[in-house]
Amino acid sequence: MPRSALLGVPLAAVVALTVAGCGPAVSSDSSKDFQGAQADVAKVVDDLSTAAQKRDGAKVCKELLAPSLLQGFTTRKQVCKTVMKDDLTDADTFGMKVKSVTILPGGTKATAVVESDTGLDGSKAKQRNTFTFVKDPGANGAWKVSGFGG
């Protein structure tokens, strides 16, 4: 989703809709399917899924989202972890599987195709989204989610 679209939609809602549907919670361990930087990116998705399942808005905000995504909370005078926790409380499925990871030239940006349950009408339908990531120099170069695409 383009950054401009995030300005009109609460970020926590975007995260909750991306990682949640209807049905049982499913743990994710996509990082084992990759190596090196690709595994590091996939681990961020695994961590996002786990944090969402635990309704841990503080972890999502402090450790997993890029500063560029957090700016929306600052401009609206919202506290990310509180809003995130509230929105994640309404979700009941957090299973995500990383299908592919691409490290972009320069090595500081990446994309990952992530598959999750739609939860629509009890079906087992899946949806795919492309997440974007950046290395955060303020977090010792850790990968962080910079966008949730369609």
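## Ground rules

A salt bridge here is a side-chain nitrogen of Lys or Arg within 4 Å of a carboxyl oxygen of Asp or Glu. With that in hand, you can look for Lys32, Asp33 and Lys97, which are linked in a network of salt bridges.

This is a predicted model, where local features need pLDDT of at least 70 and side-chain atom pairs count only at pLDDT 80 or more, while totals for chains, interfaces and linings use all residues. Residues are numbered from 1 along each chain as its sequence is written, and side-chain values use heavy atoms, with hydrogens and water left out.

## The overall layout

The protein has six helices and four strands. Helices (H or I, at least four residues) and strands (E, at least two) are DSSP runs, numbered from the N terminus. Along the sequence, the pattern reads α-α-α-α-α-α-β-β-β-β.

How much of the protein counts as buried? Of its 150 residues, 43% do. Buried means under 20% relative accessible area, exposed means over 50%, and partly exposed is in between (1.4 Å probe, protein chains only). As for contacts (heavy atoms within 4.5 Å), residues 24 or more positions apart account for 55% of those with a separation of 6 or more.

## The nonpolar core

In soluble globular proteins, nonpolar side chains tend to be buried together. A nonpolar core is a set of buried Ala, Val, Leu, Ile, Met, Phe, Trp, Tyr and Cys residues joined through side-chain atoms within 4.5 Å. The largest one here has 26 residues, and Leu65, Val98, Phe131 and Phe133 touch the most other members. At least two residues each come from helix H3 (36-53), helix H4 (57-64), helix H6 (80-89), strand S1 (96-103), strand S2 (109-117), strand S3 (126-136) and strand S4 (142-148). H3 gives the largest share of this core, with seven residues.

## A closer look at H3

How far apart are the end C-alpha atoms of H3? They are 26 Å apart, which agrees with the 26 Å that its 18 residues should span at 1.5 Å a residue. That expected span is 1.5 Å times one less than the number of residues in the helix.

The buried residues of H3 include Ala39, Val41, Val44, Val45 and Leu48, and also Asp46, Asp47 and Ser49. Just after H3, arginine 55 takes a positive phi of about 55°.

## The strands

Two strands pair if DSSP finds at least two bridges between them. S1 and S2 run antiparallel and are joined by seven bridges, with serine 100 standing opposite valine 113 in S2. Five residues sit between the strands of this hairpin, and glycine 106 takes a positive phi near 100° there. S2 also pairs with S3, again in the antiparallel sense, over nine bridges.

Now find serine 146, in strand S4. A polar atom of the serine 146 side chain lies 3.4 Å from the backbone nitrogen of phenylalanine 133. Leaving out residues up to four places away in sequence, serine 146 touches Ala66, Ser68, Leu69, Thr132, Phe133 and Val134.

## Salt bridges, one by one

How many salt bridges are there? The count comes to six. One of them joins the side chains of lysine 97 and aspartate 33 (2.4 Å, N to O). This pair links distant parts of the chain, with lysine 97 in strand S1 and aspartate 33 in the loop between helix H2 (11-19) and H3, 64 residues apart. Lysine 97 is partly exposed, at 31% relative accessible area, and aspartate 33 is partly exposed too, at 42%.

Lysine 59 is partly exposed at 25% relative accessible area, as is glutamate 63 at 42%.

A further one crosses between paired strands, where glutamate 115 stands opposite arginine 128 in S3. The closest N and O atoms of arginine 128 and glutamate 115 are 3.3 Å apart in this salt bridge.

Note on methods
A polar contact is a pair of N or O atoms within 3.5 Å; within protein, one must be able to donate a hydrogen and the other to accept it, and residues adjacent in sequence count only if both atoms are side-chain atoms.
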